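Below is a briefing on one protein model, for a reader who works with coordinates.

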Amino acid sequence: PQLSAASLNGTQYVFVWPAGIQQTYQLEYKDDLATNGWASFGPALLGNGQAISITNELSASTHRFFRLRILP
């Protein structure tokens, strides 16, 4: 999937993407690309045909990498 928007709102970083009906998405992150594995950022989300939005509070980490996966 491709993010349709990513924006900074104060101390929050907001991700938005279009979600297919009955498609499950998982946002994942890691603080260091040299480490193995990705951690789930919240629960998996089920799409309903509307955009999905997730907010990351920057106080948790000011240097973080994200990826969005479609789950089977």
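Arginine 67 is partly exposed, with a relative accessible area of 34% (buried is under 20%, exposed over 50%, partly exposed in between, with a 1.4 Å probe and protein chains only). Its side chain meets that of glutamate 28 in a salt bridge, 2.6 Å from N to O (a side-chain nitrogen of Lys or Arg within 4 Å of a carboxyl oxygen of Asp or Glu). The model is predicted: local features need pLDDT of at least 70, side-chain atom pairs count only at pLDDT 80 or more, and totals for chains, interfaces and linings use all residues. Residues are numbered from 1 along each chain as its sequence is written, and side-chain values use heavy atoms, with hydrogens and water left out.

**Salt bridges**

- The structure holds 3 salt bridges.
- Strands are DSSP runs of E, at least two residues long, numbered from the N terminus.
- Glutamate 28 counts as buried, at 6% relative accessibility.
- Glutamate 28 also forms a salt bridge with the side chain of arginine 69, at 3.0 Å from N to O. Because glutamate 28 lies in strand β3 and arginine 69 in strand β7, this pair ties together parts that are 41 residues apart in sequence.
- Arginine 69 is partly exposed, with a relative accessible area of 35%.
- A further salt bridge joins the side chains of arginine 64 and aspartate 31, at 2.8 Å from N to O. Arginine 64 sits in the loop between β6 and β7, aspartate 31 in the loop between β3 and β4 (39–40), and the two are 33 residues apart.
- Aspartate 31 is partly exposed, at 38% relative accessible area.
- Shared partners join Glu28, Arg67 and Arg69 into one network of salt bridges.

**Nonpolar core**

- The largest nonpolar core has 9 residues: Phe15, Trp17, Ala19, Tyr25, Leu27, Phe41, Ile52, Ile54 and Leu68. Such a core is a set of buried Ala, Val, Leu, Ile, Met, Phe, Trp, Tyr and Cys residues joined through side-chain atoms within 4.5 Å.
- At least two residues of this core come from each of β2 (12–18), β3 (24–30) and β6 (51–57).
- In soluble globular proteins, nonpolar side chains tend to be buried together.

**Strand pairing**

- β1 (residues 5–9) pairs with β2 in the antiparallel sense over 5 bridges; two strands pair if DSSP finds at least two bridges between them.
- Serine 7 has valine 14 in β2 as its bridge partner.
- The two strands β1 and β2 form a hairpin with 2 residues between them, and glycine 10 in the turn has a positive phi of about 70°.

**Loop residues**

- Threonine 11 lies in the loop between β1 and β2 and counts as partly exposed at 47% relative accessibility.
- Not counting residues up to four places away in sequence, threonine 11 touches Asn56, Glu57 and Leu58 (contact means heavy atoms within 4.5 Å).
- The side chains of threonine 11 and glutamate 57 are joined by a polar contact of 2.7 Å. A polar contact is a pair of N or O atoms within 3.5 Å; within protein, one must be able to donate a hydrogen and the other to accept it, and residues adjacent in sequence count only if both atoms are side-chain atoms.
- The C-alpha atoms of threonine 11 and threonine 55 are separated by 9.9 Å, and the residues are 44 apart along the chain.
- Glutamine 22, in the loop between β2 and β3, has a positive phi of about 65° although it is not a glycine. Glutamine 22 counts as exposed, at 59% relative accessibility.

Key. Helix = DSSP H or I, 4+ residues; strand = E, 2+ residues; numbered from the N terminus.
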